[in-house]
Amino acid sequence: MRKALVIGCDGQDGHLLTKSLEKDGWGVVGVARKSLRGTIPSAPPVDICDAAAVAALVKECRPDEIYHLAAVHHSSEHAPCDPLELFRDSYAIHVLSLVHFLDAMRRHAPSARLFYAASSHIFGLPPMPIQDETTPINPRNVYGVTKASGLFACRLYRCEHSLFVSAGILYNHESPLRGPGFISRKIALGAAAAKRGSCEKLVLGNLSAEADWGYAPDYVEAMRAILEQPRPDDFVVATGERRTVRDFAAAAFSELGLDWRDHVVEDVGVLTKPHVPLVGDASKLRRTTGWRPRTDFPSMIRTLLQAETAAR
């Protein structure tokens, strides 16, 4: 049985990836920050911020693949938090825990393959409207800075230790598993509530904000395809399509037979940090792996809404 470690199994991507791997007959150990679950019961619980514990886990499991998907999220509508605490937590998960797995892989599983979930936020304020792997890395927030540091750590271990370490520079990707703090889930919840007759307005921070939204299960397919290649590399994972929050809301309410303008209000006061539109060019990924998104924007929104209406 082929074995995989999924770091961040309790998040959207980790959950979807675990299901995908298990469906194909893989043994999966899913690792959260301080717990462990999966189909290989012999592995001990592990704190990914503990280097010795990570080394023991990798030595015990000898995985064929490792997916580092753990992340600390803080959206533009979340309440402000202590900057030092956010930086410390983000660095611990995005960089330090990653290095623990990279070095454990070097020592105990050098033939394994590791995927790191980087982010479009590494580009910060890019000089071009559409970004690819050649776009300068210039992060402007804590998430981007620490994800960029993780990407550089991957490149270091790839070059210095000849490990198979690849990274996906992931753009926005959604599913019904998103938490309510994400704009996609917030809109889906608001539209479903309006359909049920709620008179409460859905408050959104910036209707003109733009993003490149894809469907999370498609992006999980990209992760697996990246590790199936003969050589490790870094790849942008994106749809290349620019949409506004207004587009998202309009499509969601229309899907339920409603006019979004009757139910949505804009309040820039809920924003706690500036928005930067990021759109990715996944041409390299398409050329290398043949990957393309299977689910278009309207179908993704329809899936989100079906999940919300079925839950009631």
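Let's start with a term we'll need: a helix crossing is called right-handed if the near helix is turned clockwise from the far one by less than a right angle. Keep that in mind, and look at how H5 passes H7: that is a right-handed crossing.

Before we go on, please remember that this is a predicted model.

Hi everyone! Let me give you the overall picture. The chain contains nine helices and 13 strands. Along its principal axes, the C-alpha trace spans about 60 × 40 × 40 Å. How does the radius of gyration fit with a compact globule? For 312 residues, such a globule would have a value near 20 Å, and the chain has 20 Å, so the two agree. Of those 312 residues, 48% count as buried. Here's something about how the chain folds back on itself: take the contacts between residues at least 6 apart in sequence, and 76% of them join residues at least 24 apart.

Now, back to our helix pair. The axes of H5 and H7, where H7 covers residues 245-255, come within 9 Å and cross at roughly 35°. On the H5 side, the contact involves Ile183, Ser184, Ile187, Gly190, Ala191 and Ala194, and on the H7 side Val245, Phe248, Ala249, Ala252 and Phe253. Which classes of residue make up the contact of H5 with H7? There are nine nonpolar, two polar and no charged residues.

H5, residues 183-195, has another partner: H9, residues 297-310. The axes of H5 and H9 come within 9 Å, crossing at roughly 55°. H5 and H9 are therefore oblique to each other. H5 passes H9 in a right-handed crossing. Here Ser184, Arg185, Ala188, Leu189, Ala191 and Ala192 of H5 meet Leu304, Leu305, Glu308 and Thr309 of H9. Sorted by class, the contact of H5 with H9 holds six nonpolar, two polar and two charged residues.

Next, find H3 and H4. Their axes come within 9 Å and cross at roughly 15°. An angle under 35 degrees counts as roughly parallel, so that is what we call H3 and H4. H3 also passes H4 in a right-handed crossing. Among the H3 residues in this contact are Leu86, Phe87 and Tyr91, and H4 contributes residues including Val142, Tyr143 and Cys154. By class, the contact of H3 with H4 has 13 nonpolar, six polar and three charged residues.

Let's zoom in on a few single residues. Leucine 69 sits in the loop between strand E4 and helix H3. Is leucine 69 buried or exposed? Its relative accessible area is 10%, so leucine 69 is buried. Setting aside neighbours within four places in sequence, leucine 69 is in contact with Val6, Ile7, Asp13, Gly14, Leu17, Phe115, Ala117 and Met223.

Arginine 62 is in the loop between helix H2 and E4. Arginine 62 has a positive phi of about 45° although it is not a glycine. With a relative accessible area of 45%, arginine 62 is partly exposed. Serine 162, in the loop between H4 and strand E6, has a positive phi of about 55° and is not a glycine either. How accessible is serine 162? Serine 162 has a relative accessible area of 66%, so it is exposed.

Conventions
Residues are numbered from 1 along each chain as its sequence is written. This is a predicted model: local features need pLDDT of at least 70, side-chain atom pairs count only at pLDDT 80 or more; totals for chains, interfaces and linings use all residues. Side-chain values use heavy atoms; hydrogens and water are left out. Axes are lines fitted to C-alpha atoms, for helices over the stretch in contact, and angles run from 0 to 180 degrees between N-to-C directions. Helices (H or I, at least four residues) and strands (E, at least two) are DSSP runs, numbered from the N terminus. Angles under 35 degrees count as roughly parallel, over 145 as roughly antiparallel, 65 to 115 as roughly perpendicular and the rest as oblique. Contact means heavy atoms within 4.5 Å. Ala, Val, Leu, Ile, Met, Phe, Trp, Tyr, Cys and Pro count as nonpolar, Asp, Glu, Lys and Arg as charged, and the others, Gly among them, as polar. Buried means under 20% relative accessible area, exposed over 50%, partly exposed in between (1.4 Å probe, protein chains only). The radius of gyration is taken over C-alpha atoms; the globule rule is 2.2 Å times the number of residues to the power 0.38.
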